[in-house]
Amino acid sequence: MSVLNAQEIEAIHQAITEYKPGYGLPRPFYHDEIIYKADLEAIWSQGWLFAGHSCQVPNPGDFFTIDVDEDSVIIVRGDDQVIRAFHNVCRHRGSLVCTKSEGQIKRFVCPYHQWTYGRDGKLLVWRGMQDNLEKSGLGLHPVHTQELEGLIFISLAENPLDFEAARQVIAPFARPQGFQQARVAKIMDFDIEANWKLVWENNRECYHCNVNHPQYIKANFDHYNSDDTIGRIALQLEQVTTRSEAKWAELGLAVTHKKTGMTPFPDPDQNIWYSANRTPLVDGYLSETMTGRQVAPLMGDYPDADVGTLRIRMLPNFWNHSSCDHGVSVRLTPAGKYLTKARMIWVVDEKAQEGKDYSLDELLPFWLLTAEQDWEICRNAQKGVNSRAYTPGPLSIIKEYNVDSYLRWYVQELSRKI
Amino acid sequence: MSVLNAQEIEAIHQAITEYKPGYGLPRPFYHDEIIYKADLEAIWSQGWLFAGHSCQVPNPGDFFTIDVDEDSVIIVRGDDQVIRAFHNVCRHRGSLVCTKSEGQIKRFVCPYHQWTYGRDGKLLVWRGMQDNLEKSGLGLHPVHTQELEGLIFISLAENPLDFEAARQVIAPFARPQGFQQARVAKIMDFDIEANWKLVWENNRECYHCNVNHPQYIKANFDHYNSDDTIGRIALQLEQVTTRSEAKWAELGLAVTHKKTGMTPFPDPDQNIWYSANRTPLVDGYLSETMTGRQVAPLMGDYPDADVGTLRIRMLPNFWNHSSCDHGVSVRLTPAGKYLTKARMIWVVDEKAQEGKDYSLDELLPFWLLTAEQDWEICRNAQKGVNSRAYTPGPLSIIKEYNVDSYLRWYVQELSRKI
Amino acid sequence: MSVLNAQEIEAIHQAITEYKPGYGLPRPFYHDEIIYKADLEAIWSQGWLFAGHSCQVPNPGDFFTIDVDEDSVIIVRGDDQVIRAFHNVCRHRGSLVCTKSEGQIKRFVCPYHQWTYGRDGKLLVWRGMQDNLEKSGLGLHPVHTQELEGLIFISLAENPLDFEAARQVIAPFARPQGFQQARVAKIMDFDIEANWKLVWENNRECYHCNVNHPQYIKANFDHYNSDDTIGRIALQLEQVTTRSEAKWAELGLAVTHKKTGMTPFPDPDQNIWYSANRTPLVDGYLSETMTGRQVAPLMGDYPDADVGTLRIRMLPNFWNHSSCDHGVSVRLTPAGKYLTKARMIWVVDEKAQEGKDYSLDELLPFWLLTAEQDWEICRNAQKGVNSRAYTPGPLSIIKEYNVDSYLRWYVQELSRKI
């Protein structure tokens with residue numbers, strides 16, 4: 001009963017016919033409850049979702065939980081060091097098994113009747129149940145999990161998408177960053193009063209950066225495009241790219257994006273929902289920090305600070321920007337048609353000590369400011385598209401090619417999987 | 001998809017068959033989400049809505065916004081002094097263009113990508129868009145606007161109702177009040193946790209005044225009716241009416257309502273949704289203030305304080321009570337099936353200075369008290385009609401003739417326009 | 001329009017087919033709005049609801065109100081000492097008649113237009129209405145009421161269930177407790193963010209008591225069952241039961257439950273939705289208090305403190321635990337699919353004086369702790385069953401026989417009455 005009925009599915013297909021590539025989405029996609037439900041089914045219950053960093057659960061029994069709309073999921077490291085995920089729902093009467101959002105456990109003991117599950121999800125104890133019942137089928141419902149160079153992904157699907165293509169693309173980029181030898185410097189959670197798709201549209205272009213992100217544009221070339229990349233900028237980028245290419249190749253690091261503007265992503269025609277690239281920063285910037293200076297010890301395999309910026313992204317809920325000395329992951333989760341939760345996770349090298357090797361005052365502001373500026377933009381966008389008068393406008397082929405790709409990807413997924 | 005489907009429209013027509021003239025509305029009209037949606041379509045998107053006073057935007061570039069349910073609208077004075085209204089929705093990606101509720105602008109610059117619109121709504125700048133696109137069709141969506149003697153009305157309809165009949169009736173009454181040479185003394189906003197129709201029903205009778213509005217009834221004859229207008233009151237009203245009529249006629253001011261009780265409004269048979277009249281106050285009252293004394297300089301063309309009280313009302317969202325020295329406008333906007341926003345605007349002569357010529361302590365209480373008393377009544381009415389046990393009761397033909405007229409008007413509009 | 005349409009009823013019947021006796025309910029029963037609406041119609045508008053204690057309204061004109069979802073009901077003692085209930089909705093325009101939740105009135109005067117009703121609900125005054133209308137049919141809508149040994153029950157049904165069978169079972173147990181000569185020691189209200197059915201499931205087993213209610217299990221035998229009633233406990237219970245039986249029979253008090261574990265209730269096969277029993281407490285406990293000591297004067301007809309514990313329960317909203325010196329009633333009311341209001345009422349003998357004969361510090365904690373522990377369990381259960389991954393688990397036939405009975409009763413009622 002909670003899923004969509006035939007009439008609702010027909011209404012969604014009808015709405016899809018009103019979408020025109022090259023334009024934004026029509027109002028119902030941001031506004032109607034049944035599209036939100038359809039998104040949960042077609043996108044969020046199908047795709048691979050970033051859950052967190054492996055270094056959040058360094059030891060067996062370490063766990064944290066993640067809520068995807070109404071689904072609570074436990075991420076836990078097993079005794080065999082493997083990270084697994086389980087639905088946080090007791091197989092007995094359905095209570096949350098974990099009522100804490102993170103911690104360390106020997107076994108998961110349901111607070112209601114003390115049904116007890118191992119770190120591998122198996123049901124171990126159910127005092128008081130009749131003998132003729134079989135325990136074996138009553139472990140915590142498992143959730144597909146993939147660990148990728150220190151990043152944890154889960155899929156709520158029964159038969160998840162193939163993850164290997166994503167791994168092959170991302171692993172070579174992520175490996176030298178050393179997420180496996182990292183520690184969490186800070187986790188912050190945000191409520192964005194906007195549909196999750198508006199958050200992605202915002203993420204997929206830097207057309208809005210000039211005015212909205214004064215600190216961000218000093219460090220990056222993303223906000224320039226064919227219409228405004230003047231000679232001086234083009235020359236600067238060419239110089240820094242050539243220099244970086246030579247140096248990084250020597251170190252085994254690839255430079256894949258050599259132009260101003262954002263690297264193309266996603267690619268709905270090739271069904272590409274994951275990507276990674278390394279890109280030079282503006283001269284004088286060794287890290288995405290307010291001053292451009294390195295503010296923490298080098299991470300991973302980096303020989304020096306001159307490694308540009310690494311970007312990883314995966315639909316529908318993850319992006320990461322990493323510099324030589326730290327990485328920042330953003331994790332989205334839907335919590336209603338007009339509410340998206342965002343978690344930001346800053347990581348540094350595992351040996352770095354706060355107060356001695358780095359300070360949060362230097363580490364956080366660059367991306368914290370950028371994120372808060374974006375969340376406010378998204379809130380105003382939601383208020384606007386809620387208007388009955390809203391009509392989708394044309395997208396800039398110069399600056400919003402990725403928004404267009406993203407929307408085409410979204411509509412394609414929705415059409416196929418609903 | 002956001003509009004009503006065939007099944008819903010049929011359900012509404014079914015509900016309408018359960019309404020009986022002479023009685024209140026059945027529960028679904030106050031309680032059901034689809035009727036609220038129908039009201040938005042049939043009433044709020046069709047009628048003329050009071051937005052504010054012209055004196056809120058005295059100079060070119062002055063603007064304020066108004067929210068009608070989820071639709072945000074900008075009211076702005078143009079370089080040609082004409083007041084216009086536009087949907088507060090960028091034609092690009094749909095963001096709110098104005099995130100402030102009032103102010104002064106040269107151009108409307110969307111905070112997202114800086115698409116820039118003139119004070120006339122025209123799209124002027126869209127840095128970064130491809131050259132082959134045509135700007136001309138992408139101005140802010142216009143909203144029909146009418147200025148009427150210093151009062152601003154808008155219609156969200158594509159083809160709005162004819163405004164001229166309303167203008168002809170109201171203008172002669174409004175003109176001598178001098179709203180065009182007024183200034184705002186105070187704006188206050190209220191949340192009324194009640195369906196908008198309950199607020200109107202409350203407004204359309206003074207049956208509730210005796211006990212609920214002890215200060216209001218001292219100044220007015222509204223609360224008397226054929227059942228309780230004793231000889232002394234009838235004589236007093238006759239004397240004051242005769243005296244006023246003679247005097248006001250000399251000044252070119254009409255007296256249209258000469259009886260106790262409220263002037264009949266609306267008239268569903270003639271499809272009259274607007275009206276104005278001038279009525280004497282009780283002897284000793286020169287203004288609707290706590291003491292009856294004039295508390296601010298004379299407004300408009302008035303030669304002296306003895307001009308009774310002017311009343312203007314327009315469905316679905318406006319009424320105004322004005323005295324010789326000030327006017328009070330009430331503007332309703334729906335914000336949910338159980339939530340109505342009310343804005344009260346007190347205006348005085350444009351030359352009057354606060355602290356010198358008037359004080360808010362003397363100006364506000366009469367109507368502020370009356371309004372707050374009414375909002376509380378409406379909240380209790382909503383709680384009551386939400387009960388499954390609520391059944392519409394009979395209306396008093398002596399004291400609630402206007403409630404009956406109003407409900408007949410409402411049901412007629414809903415039937416016709418759904 | 002507010003009730004269920006054919007499509008919705010079909011969907012509910014479909015959901016019912018997915019319920020399996022011996023297991024919990026499928027997710028839609030806790031999660032879907034239309035099932036909540038169906039519960040209101042089939043259960044809450046049909047059954048007998050505990051409203052409060054007669055001693056809350058000792059004198060004519062004393063009243064209190066109770067909200068059942070959106071229905072407000074007044075309970076009032078009449079001039080003839082009979083307790084009656086009325087819908088708190090004016091027959092005129094539907095306003096709440098009583099805006100206070102309790103008090104003393106001569107007549108109910110609607111705050112809107114002062115329609116005035118007697119303590120018997122009759123319309124007495126309607127100033128301003130036309131003469132040709134008939135007042136007689138316009139009293140407050142009555143609500144069926146039953147007083148049972150100092151307990152007040154109401155039914156919102158037009159044709160309520162027969163109450164007499166319930167009375168015959170409960171009265172002999174309730175009478176000696178002396179609720180008729182009681183006074184309220186304390187009333188406390190709670191919000192439980194859980195579907196009302198989860199609160200009942202929690203109430204119907206003591207499987208969860210061992211860990212969750214450390215103070216409760218010291219006083220009772222409820223939490224033992226065939227799987228864990230060791231010889232020492234069995235012996236202890238036998239001794240105390242034999243001793244109590246002999247003594248209580250002499251006093252005319254019945255002992256009906258002589259085993260560990262909870263007395264069976266409800267009985268869907270016999271359609272039994274009410275029950276009462278008297279049960280021994282653990283040796284050393286004379287009252288359900290933290291110390292086991294009697295903390296207030298004896299109630300009712302009890303000759304001494306050794307009267308065990310009296311339990312009464314009635315679906316869908318009432319249970320009471322009483323000791324020799326006090327009684328505690330719990331009243332549930334639904335306020336949304338995920339929100340249940342609970343009111344707890346502690347009563348003591350009418351002659352007992354706070355501060356002299358008893359202190360709240362000694363009287364409240366035992367049940368206050370137990371209740372708050374349970375409400376928190378219910379909140380966590382709601383969060384868990386909201387997950388798309390939730391699947392109903394097997395119930396313990398040893399410890400959850402009453403949960404199974406309760407769910408079978410619920411599904412049966414829903415099927416029959418929808």
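Between chain B and chain C, about 2,900 Å² of area is buried, and carbon and sulfur atoms give 49% of that. This is a predicted model, so please take the values as computed from it. On the chain B side, Tyr207(B), Arg388(B) and Pro394(B) lose the most area to chain C, together 23% of what that side buries. The contact takes in 42 residues of chain B and 31 residues of chain C.

Now the polar part. The rule finds seven salt bridges across this interface. One of them pairs Arg388(B) with Asp71(C), with the closest N and O atoms 3.0 Å apart. There are also 23 residue pairs in polar contact between the two chains. Which helix of chain B gives the most to the side that touches chain C? That is H9(B), with six residues. By class, that side of chain B has 19 nonpolar, 13 polar and 10 charged residues.

Next, the cysteines. The structure holds three disulfides over all chains. In chain A, Cys206(A) and Cys209(A) are linked, with sulfur atoms 2.0 Å apart, and at -105 degrees about the S-S bond the link is left-handed. In chain B, Cys206(B) is joined to Cys209(B); the torsion there is about -100 degrees, so this disulfide is left-handed. In chain C, the disulfide runs from Cys206(C) to Cys209(C), and both of these residues are buried.

Cys378(C) is itself buried, with a relative accessible area of 1%.

Methods. Residues numbered from 1 in each chain as written. Chains lettered and ligands numbered in written order. Predicted model: local features only at pLDDT ≥ 70, side-chain atom pairs only at ≥ 80, totals over all residues. Heavy atoms only, no water. Contact = heavy atoms within 4.5 Å. Buried area = accessible area lost by both parts, 1.4 Å probe. Salt bridge = Lys/Arg side-chain N within 4 Å of Asp/Glu carboxyl O. Polar contact = N/O pair within 3.5 Å; in protein donor to acceptor, adjacent residues only side chain to side chain. Helix = DSSP H or I, 4+ residues; strand = E, 2+ residues; numbered from the N terminus. Nonpolar A, V, L, I, M, F, W, Y, C, P; charged D, E, K, R; others polar. Disulfide = S-S within 2.5 Å. Buried < 20%, exposed > 50% of the residue type's maximum accessible area, 1.4 Å probe, protein only.
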